[in-house]
Every structure is written in C-alpha cells, then in structure tokens.
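Subject: Structure handover and contact notes

Hello,

Here is the structure for your set. Please open it alongside this note. The findings follow below.

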Amino acid sequence: MEIKTVEQFYQCVEEDLFNNISSFWLTKTRDNEKGGFLGRIMNDLSIDRDANKSLILNVRILWTFSRLYSFREKTEYMNMARFAYNYIKKYFYDEKYGGMFWMADCNGNTINDKKKIYGQAFSIYALSAFYAISNEQQILDEAIDIFNLVEKHEKKSMNTHLHLMEALTSLYKVWPDKRLKQKLLDLIHVFKNYIVDQHTFHFKLFFDDAWCSKSQGVSFGHDIEGSWLLCEAAEVLNDEELRKQINSLAINMVKATISEGISDHYTIYSERNGNGTIDSKSDWWQQAEMVVGLVNAFQITKDKYFLNLAMKSWQAIEDYFIDREYGEWFYAINAKGYPDRTQYKVSEWKGPYHNGRACVELLIRLKHYLK
C-alpha cells in the first residue's frame, strides 16, 4: 500500500525496525561456535564461518542495541548490547596502550592491530551509547580514554571527521566536558569552513594538510547524512546562533541532493564521479540516511514538500530494499530497482547501524510531529 499519511509512515517504520531489522540481528547473527558475531552472512543466509570479524561491525551492533534499549527497554536489547560489549572488550580492546584494534580472525585473534581513527570514532560512539543505558563508570572511562587517544592523531578526510563528529556528539550527551565541547565546536567549524563546498553545498571528500581538496567526486549519501548530523551536533551545544547557521547550511545541502542525486524511483544515487558521470545504483545506507535528512529538513522549514518526499523515499525502501524472503535489507539496488543478491547481508560494512538508526530517528521525529 502506498504511504499516504504520516500515521502510515510511522507504522511502516515501526514494523520494519522491530519485526525485521532488530529481529534479524537478534536471531541470525551470533556465532554460536566461535563466539561473538558471524563475520559474513550471504544474502540467502548461508554463512562464511571462516570470515574475519571487524571492529566496525561489532561496535555498530553495540551502538544499535544500546540505542534500541534507550528507545524501548526490552531485555533482549540490553542482553545483545552486553554480549557485543563483552566480545569487543575481550578481543578488540588494547589493554596495554588503549584504543581498539581493527580486525580479528574468526576465532578472535588479532590480525590487524592498526588503530584507525574511523574505528576509534565508532568505538566512542558505541561506548557512550552503552554507558547511557548501563550507567557503568568503567564504560564511560573507556570512551573518554579513546577520545584522548584520538586527540593526538587525526587524518583529514570528510568521512573520518563526519563519524568523529557524531561520536563526540554522543559522548557529549553523557559527558559534557569543556574540552570535549570545544573539540566538537571545532569540528563543526571545520565542516562549515572547509568540508562543505559553499558553492555546490556538497561535501569535499579528501584533503591535504592545508585543507585543499584532493577530489572532485560527490557522495550524495554522505551529503544528506551529514546534513542532519551537523544539526544534531549544533543542537547539543546549546548555541542558538550556531544552530541557525547550521540549519540553513543543512537545508542547502538537502536541496542540492534533491536536485542532483535522486532518481525517478525516489532512490538516491550512489555518487557522482570526478568526471561528472552518475553511479545510479543505491546502497541501503544511503537510502536510509536520505529519509532522515528529508524529515530533518521538514522539521527545520515546516515545508511539507520535504515530508512528502521523505514518505516517497521510504516507499522506495518498502518496494526495493526490504528483503521479504530472508529478512533485513538488500545491500544495494540498481537503477531499475533490482537488488544485488551477490552482496553480503552481514559483513565488515553491512550492519544494523544505518537503517536501525534511521528508523529510531524517524520514529522519534514523526512521533513529535504527530503529537
């Protein structure tokens, strides 16, 4: 059924979050033989039991179920978060030097001990969310220790800074430290002054040490994801002038994505390459982030154009992305809406974070509107 009302929109999102996404991860992803979570599951649910286990997948599972528990206090969500935390602490956390290792093999042995900023950012994000539901000081201390570690080492890429910003936003909600506040403010200004192109309102993607752009491509999914994450970061700092500036910037970013990056099926294009050609496939995470970005734009402007477009974009998820046979969402669809069934349902990068987070954000925002 085509989504025609906000109430229907809310119900569809709720159904998908609690009866599809969360149930899939609760019932199909634990590694009952070797511990932790299975590193790779194919679209048809066949399992690669020798697949490596990545930090990113594990901390994203921890974040997702911590956030789900804060939204709806179900015992199975807390247990899943605890299970994820215990595995991360045992197999990824460096007890000697701090920080999180990047990759373990299927048995939990470290095979890549690099401490990438991207991985540390998601670790902060997950630990601060878990602390918010557990109230255990040790967990907050671990998040703060990783924050201090990250302060010493930063690389200049849009994606690293984007996820570091969301991580510090989450940490600030549970640890309103002055130094952290300044760091978060600095990150917002970096986005405003260097990363967002003030002419096109797209993110520049890679930089040299002087903040000169080293790329010409456009990532539409990151643009619209960043639009609402910037608003969230500005919101927690309680600076009304900054919030207004960022809201205005976010609307321009959303409009740029709408005009250049959405198909006739209301799916978001993957990217525009440096030579100007469009990659018309769409990944699950990009589509999820687009719906949140559109609803956020509606909340800022009160213009129902954005809300109607958000509902059409969610309808595309219902029509093309949700896997009615095996559960969860397909990794990607092509320009005609056909899913890529060769991609993994669970992998280093395919977790419950983007679509699970999108659903939680949508339910909170839509409930506020319906009230």
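A residue is called buried under 20% relative accessible area, exposed over 50%, and partly exposed in between (1.4 Å probe, protein chains only). By that rule Lys 183 is buried, at 15%.

Some ground rules. This is a predicted model, where local features need pLDDT of at least 70, side-chain atom pairs count only at pLDDT 80 or more, and totals for chains, interfaces and linings use all residues. Residues are numbered from 1 along each chain as its sequence is written, and side-chain values use heavy atoms, with hydrogens and water left out.

Salt bridges

The criterion is a side-chain nitrogen of Lys or Arg within 4 Å of a carboxyl oxygen of Asp or Glu. Side chains of opposite charge can pair when their charged atoms come close. The whole structure holds 20 salt bridges.

Lys 183 is in one of them. Its partner is Glu 151, with the closest N and O atoms 3.6 Å apart. Lys 183 belongs to helix H7 (residues 178–195), while Glu 151 is in the loop between helix H5 (137–150) and helix H6 (158–174), so the pair ties together parts 32 residues apart in sequence. Helices are DSSP runs (H or I, at least four residues), numbered from the N terminus.

Arg 72 and Glu 14 make another, at 3.1 Å, N to O. Arg 72 sits in the loop between helix H2 (55–71) and helix H3 (75–91), and Glu 14 in helix H1 (residues 6–28), so this bridge ties together parts 58 residues apart in sequence. Both ends are partly exposed: Arg 72 has 29% relative accessibility, and Glu 14 has 25%.

Glu 318 and Arg 324 meet at 2.9 Å, N to O. Glu 318 is buried at 16%. Arg 324 is exposed at 60%. There is also a network: Glu 166, Glu 225, Glu 289 and Arg 357 are joined by salt bridges that share partners.

Aromatic pairs

Rings of Phe, Tyr and Trp (its six-membered ring) pair if their centres lie within 6.5 Å; planes under 30 degrees apart are stacked, over 60 edge-to-face, and the rest tilted. The count is 23 aromatic pairs.

Take Phe 147 and Trp 175. Their ring centres are 6.0 Å apart and their planes at 70°, so the pair is edge-to-face. Phe 147 lies in helix H5 and Trp 175 in the loop between H6 and H7, so parts 28 residues apart in sequence are tied together. Both residues are buried.

One aromatic cluster is formed by Trp 63, Trp 102, Tyr 118, Phe 122, Tyr 125, Trp 349 and Tyr 353.

Charges over rings

The test is NZ of Lys or CZ of Arg within 6 Å of the ring centre and within 35 degrees of the ring normal. The charged end of Arg 30 sits over the ring of Phe 83, 4.0 Å from its centre. Lys 350 lies over the face of Trp 284, 5.1 Å from the ring centre.

Ile 251

Ile 251 is in helix H9 (residues 240–261). It is buried, at 10% relative accessible area. Which residues does Ile 251 touch, not counting those up to four places away in sequence? Ala 297, Ile 300 and Thr 301, where contact means heavy atoms within 4.5 Å. Pro 352 is 101 residues from Ile 251 in sequence and 27 Å away in space, C-alpha to C-alpha.

Best regards

Conventions
Helices (H or I, at least four residues) and strands (E, at least two) are DSSP runs, numbered from the N terminus.
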